[in-house]
Amino acid sequence: MNFIINYKDFIVAFVIATILLIPFELYVKTVEHWPAAYDLESLDMWADWRAEVDNLDSEDVVILGSSRGHFDLNINLWDSITGRKPIMLAYPGSSPYHTVEDIIEKSSFNGLLVISTSPGLFYTMKGSWGANRGKALVDQYYNRTYAQQFSNMVYNLVDPLFSFTQGNDLNLESLIGRIPFENRDSIDGAAIWPAMVAMDKYRNIRMIPQMETDSVFQKKQTDIWFNPDPKNRFVDSIDVVIGHYVNLVKKFKANGGRVAFIRPPVTDYYLDTETRLFPREKYWDRLILESGCPGYHFQDYDESKDMIPPEWSHLNRRDSDIYTKTIINLLKKDQLQ
């Protein structure tokens with residue numbers, strides 16, 4: 001088959017694309033809530049940082065969990081305080097069921113694991129939606145092709161140069177996806193997720209100013225979070241779930257590793273429902289007792305017990321920094337950091 005390249009059409013298309021993109025690029029560079037950002041849900045970026053784990057020593061830190069661990073701990077600040085930048089492997093919407101297993105059973109890491117718990121995701125079984133999100137990360141690390149690795153390398157080199165490509169919350173595709181179309185024919189449109197955070201090349205997260213202060217942004221997000229009839233679908237599997245983590249932690253500590261569990265701040269709807277569906281004594285207290293690990297629950301400390309996440313579930317930049325310092329101090333007190 002012969003391929004004929006029409007250079008004239010290509011040049012015309014390139015010129016039109018450039019004319020359209022230049023003003024948009026200039027615009028987004030001037031808007032406060034468009035910081036440099038990477039794709040929050042990039043499996044390849046997670047895999048890149050997973051690949052660094054075997055290069056760590058016993059003084060290093062790896063953070064696992066879901067979005068609260070990811071958003072609420074500022075690893076750049078952590079680095080400035082301790083001289084060690086943690087590897088951030090927490091991932092939004094995921095259970096660490098498979099990622100904890102992967103680090104403990106398949107890596108040589110024997111430093112400090114900080115495992116963040118979000119009850120609705122953490123206390124779920126293998127095969128759950130959250131666990132499958134975590135499994136996809138592990139699978140990507142082991143199964144991605146050389147072409148995928150090369151493509152991601154090019155992306156990491158080129159993407160920071162342009163603001164209009166930044167992040168899965170802030171790029172043009174995301175903006176188009178957030179155009180509010182009216183519901184019709186008794187069919188509700190998909191939920192329109194507002195921009196919430198920006199992620200840097202180290203997978204460090206910062207909440208954008210609009211989510212911190214704009215009540216419209218916050219209301220859009222809490223409307224998505226709210227479930228009028230939340231359930232604990234794995235209430236009968238708690239023995240298996242906690243046993244899974246306890247067995248892994250024992251193996252990790254036997255190899256010289258250290259583990260700390262954290263329970264980041266929540267408020268309003270999440271505080272009410274998680275307190276009711278996941279009673280502390282049956283879940284958190286049991287996990288800490290049976291694992292023999294230190295556990296830092298936000299309600300136990302003056303610095304974090306009264307924090308109010310803007311959209312119930314994730315901290316603003318100021319509180320994130322305070323919470324990060326609090327966790328570091330607690331780890332130092334227990335001689336883990």
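Modeller: A residue counts as buried when its relative accessible area is under 20%, as exposed when that area is over 50%, and as partly exposed in between, using a 1.4 Å probe and protein chains only. This is a predicted model, in which local features need pLDDT of at least 70 and side-chain atom pairs count only at pLDDT 80 or more, while totals for chains, interfaces and linings use all residues. Residues are numbered from 1 along each chain as its sequence is written, and side-chain values use heavy atoms, with hydrogens and water left out.

Biologist: What makes helix 5 (residues 97-106) mostly covered?

Modeller: Seven of its 10 residues are buried. They are Tyr97, His98, Thr99, Val100, Asp102, Ile103 and Ile104. For the protein chain, the buried share is 50% of 337 residues.

Biologist: What covers the buried residues of helix 5?

Modeller: The cover includes helix 2, strand 1 (61-64), strand 3 (112-116), helix 7 and helix 12 (238-254). Cover here is contact, meaning heavy atoms within 4.5 Å.

Biologist: Why is helix 2 called roughly perpendicular to helix 7?

Modeller: Helix 2 (residues 43-50) and helix 7 (residues 129-143) pack at about 70°, with axes 9 Å apart. That angle makes the pair roughly perpendicular. The class runs from 65 to 115 degrees; under 35 is roughly parallel, over 145 roughly antiparallel, and the rest oblique. Axes are lines fitted to C-alpha atoms, for helices over the stretch in contact, and angles run from 0 to 180 degrees between N-to-C directions.

Biologist: Which residues make that contact, and of what class are they?

Modeller: Helix 2 gives Leu43, Asp44, Trp46, Ala47 and Arg50; helix 7 gives Ala136, Leu137, Val138, Gln140, Tyr141 and Tyr142. By class there are eight nonpolar, one polar and two charged residues. Ala, Val, Leu, Ile, Met, Phe, Trp, Tyr, Cys and Pro count as nonpolar, Asp, Glu, Lys and Arg as charged, and the others, Gly among them, as polar.

Biologist: What makes helix 2 roughly perpendicular to helix 8?

Modeller: Helix 2 and helix 8 (residues 146-158) pack at about 95°, with axes 10 Å apart. That value puts helix 2 in the roughly perpendicular class against helix 8. Here Asp44, Met45 and Asp48 in helix 2 meet Gln148, Asn152 and Asn156 in helix 8. The contact has one nonpolar, three polar and two charged residues.

Biologist: Why is helix 4 called oblique to helix 15?

Modeller: Helix 4 (residues 75-82) packs against helix 15 at about 45°, with axes 10 Å apart. The angle makes helix 4 oblique to helix 15. Leu77, Trp78, Ile81 and Thr82 of helix 4 touch Asp321, Thr324, Lys325, Ile327, Ile328, Leu331 and Lys332 of helix 15. The classes are six nonpolar, two polar and three charged.

Biologist: What makes the pair of tryptophan 49 and tyrosine 202 tilted?

Modeller: A search of the whole structure finds 16 aromatic pairs. In this one the ring centres are 5.9 Å apart and the planes are at 45°, so the pair is tilted. Rings of Phe, Tyr and Trp (its six-membered ring) pair if their centres lie within 6.5 Å; planes under 30 degrees apart are stacked, over 60 edge-to-face, the rest tilted. Tryptophan 49 lies in helix 2 and tyrosine 202 in the loop between strand 4 (197-199) and strand 5 (205-207), so the pair ties together parts 153 residues apart in sequence.

Biologist: Why does tyrosine 202 count as partly exposed?

Modeller: Its relative accessibility is 30%, so tyrosine 202 falls in the partly exposed class.

Biologist: How do you know that the pair of phenylalanine 122 and phenylalanine 261 is edge-to-face?

Modeller: Their planes are at 85°, with 6.2 Å centre to centre. Phenylalanine 122 sits in helix 6 (residues 119-122) and phenylalanine 261 in strand 6 (residues 258-263), 139 residues apart. Both are buried.

Biologist: Why does tryptophan 312 count as buried?

Modeller: Its relative accessibility is 17%, which makes tryptophan 312 buried. Tryptophan 312 lies in the loop between strand 7 (295-297) and helix 15 (317-333).

Note on methods. Helix = DSSP H or I, 4+ residues; strand = E, 2+ residues; numbered from the N terminus.
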